[in-house]
Amino acid sequence: QWFMQAVMAAKSFYVSDGRLTLLDANGKELATFIEQRQELAGTAWNATGINNGRQALVSLAADSTITLNFGTDGTVFGSAGCNSFNAGFEQSGGTVMFKPAATTRKMCPDPAVMEQEKAFLNALVASTSVQLEGGQLVFRDAGGAMQVTAAKQ
């Protein structure tokens, strides 16, 4: 309701430093909107959910962390839970493609974390689209199923 009132009352606007500001007839600021980056390059995330390969998005195993650090050189690296990984990625707008990841080969003490790592790496490769909204990231496959969800670090 507030948003619609501001838009309807706006008589002018200006754009500065990636911000859109709506003004009323007297020049009073009604609302300011900040452009949200849609590029993965240069961002870092902590996974909050992964597709387990059995048609379900599940939370991470207890006491494990999955990180994704997107470089500006087309690589992504981080922790898959126990082992480190790195892979190439390409993004064009809302589409994304990951190359198969290279990983370290440590034996994790918890078998659930080993299964989680496998599911996570498979989910990345299955991802074809990306959506960034605020501090949330969602990768989906070609059928629209969520593959990985993450929160900004």
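Trp 2 lies in helix 1, which spans residues 2–9; helices (H or I, at least four residues) and strands (E, at least two) are DSSP runs numbered from the N terminus. The model is predicted: local features need pLDDT of at least 70, side-chain atom pairs count only at pLDDT 80 or more, and totals for chains, interfaces and linings use all residues. Residues are numbered from 1 along each chain as its sequence is written, and side-chain values use heavy atoms, with hydrogens and water left out.

Trp 2 is exposed, its relative accessible area being 54%. Here, exposed means over 50% relative accessible area, buried under 20%, and partly exposed in between (1.4 Å probe, protein chains only).

The structure also holds seven aromatic pairs. Rings of Phe, Tyr and Trp (its six-membered ring) pair if their centres lie within 6.5 Å; planes under 30 degrees apart count as stacked, over 60 as edge-to-face and the rest as tilted. One of the pairs joins Phe 70 and Phe 139, which are tilted at 50 degrees with 6.4 Å centre to centre. This pair links distant parts of the chain, since Phe 70 belongs to strand 6 (residues 67–70) and Phe 139 to strand 12 (residues 136–140), 69 residues apart. Phe 70 is buried at 3% relative accessibility, and Phe 139 is buried at 0%.

The ring centres of Phe 85 and Phe 120 are 5.4 Å apart and their planes stand at 75 degrees, so this pair is edge-to-face. Phe 85 lies in strand 8 (residues 84–92) and Phe 120 in helix 2 (residues 111–126), 35 residues apart. Both Phe 85 and Phe 120 are buried.
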